[in-house]
Amino acid sequence: LKQKLEAAKYDWRIAQAGTVHSFGFSAWRKVAPHVQINDKKLLEIVTQESYRQGGAIYTENASAIVKLCSLAKQRAIGYLGRIEDTNLWMDIWDHFDIENDVMEDTDAYEIVRCAQNVYRISLNQCREAIDFDDMILAPLYFKARFWPKDWVLLDESQDTNPARRALALAMLKPRTGRMIFVGDPCQAIYGFTGADSDSMNQLKAATNAKTLPLNVTRRCPIAVVAEAQKLVPDFKAWDGAEQGVVRAIEYDDLEAEGLFKTDAILCRNTAPLITTAYTLIAKGIACRVEGREIGTGLVKLARRWKVKTLDKLLDKLQAYEERQTAKFAAKDQQDKIDRLIDQLDCLRIIINRCLTAKKNMVDDLVADIENMFGNTPDGQQPQVLTLSTIHKSKGREWHRVYLLGREKYMPSPYAKKDWQMEQEKNLEYVAITRALKELIMVTAPPQ
């Protein structure tokens, strides 16, 4: 967009393109012209606080405190709601499963108290140093002035969080400014991460917006569009679209497909992807599960207890599953049970692989996890066959998409609430529409 504006010779005072963060940062530099970017700002504050009397809690729970503060910034606490409101922080704690980042028997309210302290210190340092989240929070919290815009166009608005929406609205010229929100509510799949599942409705209500259609795809062939129309009836192929292919195969026939690095195997859950990756690697097919942060989460879970051997870790996982499942069920948090079971299944699959290879140490497990997961850099083509969860596939496309275990895993049996069921339908739609030429349904891996 920047290149197009420059080619059309638009002066920056007439029209600009950028990320929400870049606009926030630009406004903040007018307030603090010498501000430095420090992505370790929160961790450094936590480290400083750990040296104070009673600071051991900061040392022992540094990653949880940093994560909690970062998520609070993304929800614009201090601008939208009071920092002192513990309920806001506990909502974040529960929604994002922060307890998975702390040792057992840790007092959640003590961690929240520490996070509130770090959060205030961070705000007080914003004129000297900011992190990525501060680029949006600081200009909102301190009421920085924006160059008022007659028009603001916000893309991917179905996945915005409160801070991003607040900053986009703050950029508008008072009384006369107008907004365009581009987004697809049928691709809203990040409700579990904190993006509001109804963000477009919230924007519509805040601005009294009208809705206009943008429902013709230039990515998908006719056959793929027909499959997507079962979920989203007004989805349409463009006039020049190819016919394309939609077909189905058995899991045991996957290897014979002649898989290429331009293909992808997608699944709602991670555990079946790990099973499939091991199967393909054993057949000499190079592949990788997309999502380094998924691997990081598995490592954190594996290191949660101070055990060194895998047999002891398996015992801990069993007790943890029973305890957490009961807790989530009591709170009617079925979506969290779903994610918990998938994560535990992933660990057990990799543990069993290690044990089969005569490896029985947690360090061996961690090494296997780090080899299994990775990220394809933005703008680069994958070097091996991609296996990806549907959540990680959003925004990407492949010539052939193999949708693994659709009939078994979708919708999730743990999706009970209306918004959860809606997001499950959206996941199917996202998976289907990643295909440029062929969509192949594959049965689930055998148990």
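Select helix H8, residues 134-141: the helix is mostly covered, with 7 of its 8 residues buried. This is a predicted model. Show the side chains of H8 next; the buried residues are Asp134, Met135, Ile136, Leu137, Ala138, Pro139 and Leu140. Then step just past the end of H8 to Lys143, where phi is positive, about 55 degrees.

Move on to the second largest pocket, which has a volume of about 990 Å³. Now colour helix H2 (20-31), strand S3 (151-154) and helix H9 (162-170), each of which supplies at least two residues of the lining. Strand S3 gives the largest share, 4 residues. Colouring the lining of the second largest pocket by residue class gives 20 nonpolar, 5 polar and 7 charged residues.

For the last stop, select helix H13 (residues 292-302) together with helix H15 (residues 334-356). The axes of H13 and H15 come within 10 Å and cross at roughly 80 degrees. Because angles of 65 to 115 degrees count as roughly perpendicular, H13 is roughly perpendicular to H15. Show side chains where the two helices touch: on H13, Gly297, Leu298, Leu301 and Ala302 meet Gln343, Leu344, Cys346, Leu347 and Ile350 of H15. The residues of this contact divide into 7 nonpolar and 2 polar, with no charged residue.

Key: Residues numbered from 1 in each chain as written. Predicted model: local features only at pLDDT ≥ 70, side-chain atom pairs only at ≥ 80, totals over all residues. Heavy atoms only, no water. 1 Å grid on protein atoms, 1.4 Å probe; cavity = no way out; pocket = protein on both sides within 12 Å on 5 of 7 lines; lining within 4 Å. Points joined across faces, edges and corners; volume = space filled by probe spheres on them. Nonpolar A, V, L, I, M, F, W, Y, C, P; charged D, E, K, R; others polar. Buried < 20%, exposed > 50% of the residue type's maximum accessible area, 1.4 Å probe, protein only. Axes fitted to C-alpha atoms, helices over the stretch in contact; angles between N-to-C directions. Parallel < 35°, antiparallel > 145°, perpendicular 65-115°, else oblique. Contact = heavy atoms within 4.5 Å.
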